[in-house]
Amino acid sequence: MRADLVIEGRAYVGGRLIETAVAINDGLIISVSNPALTPEAEERVVLGLGQLMLPGMVDMHVHMRDFNQAHKEDWYTGTLAALRGGVTLVVDMPNNDPFVDSLAVLREKLEIARSKTLVDFALYCGAPRNPHEIPEIKKIACGFKIYPEDYDKLPGLLKYLEENLIVIHPEDPEIIARERSAIVRPRIEDHCKIRPKLAEIKAVERILEIARNKRLRLHFTHLTTNDSILRIASSKLCGASISCDVTLHHALLSSDVMMMLRGVAKVNPPLRSKGDAEAMLNAVRSGLVDAIASDHAPHLLEEKLREDYDEVPPGFPGLEIYLPIILTQILNGDMPPRVLDLYSRRPAEILGARKGSLAPGMDGDVVIVELGKEHVIDPSEFASKAKYSPFGGWIVKAEVKRVYLRGILALEDGEPRVGMGVGRHVAGS
Ligand code: NCD
Ligand code: ZN
């Protein structure tokens, strides 16, 4: 047996840190074994002191924009940000301009993504405008994203979407509309009031009710309240096929950051109280949530600095700092090492992708990180077009040194080593 590449050193394998050697052939991991037992290889990489090998990370909630919003982000800059963050599979949301809810637009998006991407990718489709297109859409999309304004369409769509991944943005639109209309000229400090915790909890309840006794694969994204996490956990216990994720901003930041950074930290759902953030952090630590997702949501800085509350678009970038922040939390003893699974193996399993673990048969996606040296997060250096972050100024103790995508060196010291279009489309499962 021969391999194209063997990487030898400390690695995160099966939830543990071990000395091992990962052999990759034809883009796939063929063995993870004692270094003395690895096959002959074209190339052998031996990790240095302080370096650690991880599987490529999987981010199941990102916005690459492009189309008519390429000024905010495009598939090249967005996936370079992913590579820099050690992410080798991104799953992109459909809220583009044009909105992706038809086969024609989905196909167009697939072509744009294919031609520019630096990492492997999958695409969600929005609530399909024409249900008859769903069989063809399923061949391209890995799942469907249901926004609050589309909840009403969900019951009618369910019979077409059995067995498919359905990702829910849980915030009840009626509660938000009511709260918004009660304030004449909202300021940024009203953001949490306009989008209260109750809106999330009600939406989770409503969707769980719609899905009751149906064969569905539901995934609730960017949860911010303990109540909704517990409701989802109990439905899961009762046998429903449900998963959920949280973002690091909801687990590590609270609304006082928004009071300082104003529109820059405006995001949906909003940053909440310190107690809520602590609850999300504990849900991550205890494994009550299935995944961490960045909700990388880039906008231009000038858009984020607008005066008028309604004119400030929600969201901020995250892809290039998620892994360094998670590793720093682990190094500081604030998260257990297996939290790494929430940003790799677990989302890969939810998506049915052959990624996210250093194990034979998986794609040869390997990230080499260097641990220990302190860096200050400086958003002006982001590859993303959105060069700001509520995590700006945070100190991280981990740096992505190299990323291999299916055995190909894709990034080294922050610079891409591959050209546009190297990433592959991962279709639905
Ligand atoms: C997202 C965006 O900008 O596309 N914004 C956000 O605040 N999360 C929209 C979304 O994910 O719902
Ligand atoms: Zn989003």
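Visitor: What share of the contacts in the protein chain with a separation of 6 or more is due to residues 24 or more positions apart?

Guide: This is a predicted model, in which local features need pLDDT of at least 70, side-chain atom pairs count only at pLDDT 80 or more, and totals for chains, interfaces and linings use all residues. Residues are numbered from 1 along each chain as its sequence is written, chains are lettered from A and ligands numbered from 1 in the order in which they are written, and side-chain values use heavy atoms, with hydrogens and water left out. Contact means heavy atoms within 4.5 Å. Of the contacts with a separation of 6 or more, residues 24 or more positions apart account for 71%.

Visitor: What is the radius of gyration of the protein chain?

Guide: The chain has 14 helices and 17 strands. The globule rule gives 22 Å for 429 residues, and the chain comes close to that, so it is as compact as a globular protein of that length; its radius of gyration is 21 Å. Helices (H or I, at least four residues) and strands (E, at least two) are DSSP runs, numbered from the N terminus. The rule itself is 2.2 Å times the number of residues to the power 0.38, and over C-alpha atoms the chain's radius of gyration is 21 Å.

Visitor: What percentage of the 429 residues count as buried?

Guide: Along the principal axes, the C-alpha atoms fill a box of roughly 70 × 50 × 45 Å. Buried means under 20% relative accessible area, exposed over 50%, and partly exposed in between, with a 1.4 Å probe and protein chains only. Of the 429 residues, the buried share is 59%.

Visitor: How many of the 10 residues of helix α1 are buried?

Guide: The buried residues of α1 are W75, T77, G78, T79, L80, A81, A82 and L83. They pack against several elements, including α2 (103-116), β8 (120-125) and β15 (395-405). Helix α1 (residues 75-84) is largely enclosed by the rest of the structure, because the number of its residues that are buried is 8.

Visitor: Which residue caps the N-terminal end of α1?

Guide: After α1 comes G86, whose phi is positive, near 70°. At the N-terminal end, a side-chain oxygen lies 2.8 Å from the backbone nitrogen of Y76, and the residue that provides this oxygen is D74.

Visitor: Which residues are the protein donors of the zinc ion (ligand 2)?

Guide: Donors are N, O and S atoms within 2.8 Å of the metal (3.2 Å for Na, K and Ca); water is not among the atoms, so sites may look incomplete. In sequence the donor residues are spaced H-x1-H-x231-D. The protein donors lie 2.0 to 2.1 Å from the zinc ion, and they are H61 (NE2), H63 (NE2) and D295 (OD).

Visitor: How far apart in sequence are the parts tied together by H61 and D295?

Guide: Both residues are donors of the zinc ion (ligand 2). H61 lies in strand β6 (residues 57-62) and D295 in the loop between β13 (291-292) and α12 (301-304), so the pair ties together parts whose separation in sequence is 234 residues.

Visitor: Is D295 buried or exposed?

Guide: Phi of D295 is near 50°, a positive value in a residue other than glycine. Among the residues that D295 touches is H249, which lies in helix α9 (residues 248-252). The relative accessibility of D295 is 7%, so the residue counts as buried.

Visitor: How far apart in space are A291 and M60, C-alpha to C-alpha?

Guide: A291 lies in strand β13 and is buried, with a relative accessible area of 0%. Leaving aside neighbours within four places in sequence, A291 is in contact with residues including M60, C244 and L342. A291 and M60 are 231 residues apart in sequence, while their distance in space is 8.4 Å.

Visitor: Is D26 buried or exposed?

Guide: D26 lies in the loop between β2 (16-25) and β3 (28-33). D363 is 337 residues away from D26 in sequence, with 9.3 Å between them in space, C-alpha to C-alpha. D26 has 70% relative accessibility, so the residue counts as exposed.

Visitor: Which residue is joined to N268 by a cis peptide bond?

Guide: A cis peptide bond also joins D97 and P98, with omega about 5°, and P98 is in the loop between β7 and α2. For the bond from N268, omega is about -15° and the partner is P269.

Key. A polar contact is a pair of N or O atoms within 3.5 Å; within protein, one must be able to donate a hydrogen and the other to accept it, and residues adjacent in sequence count only if both atoms are side-chain atoms.
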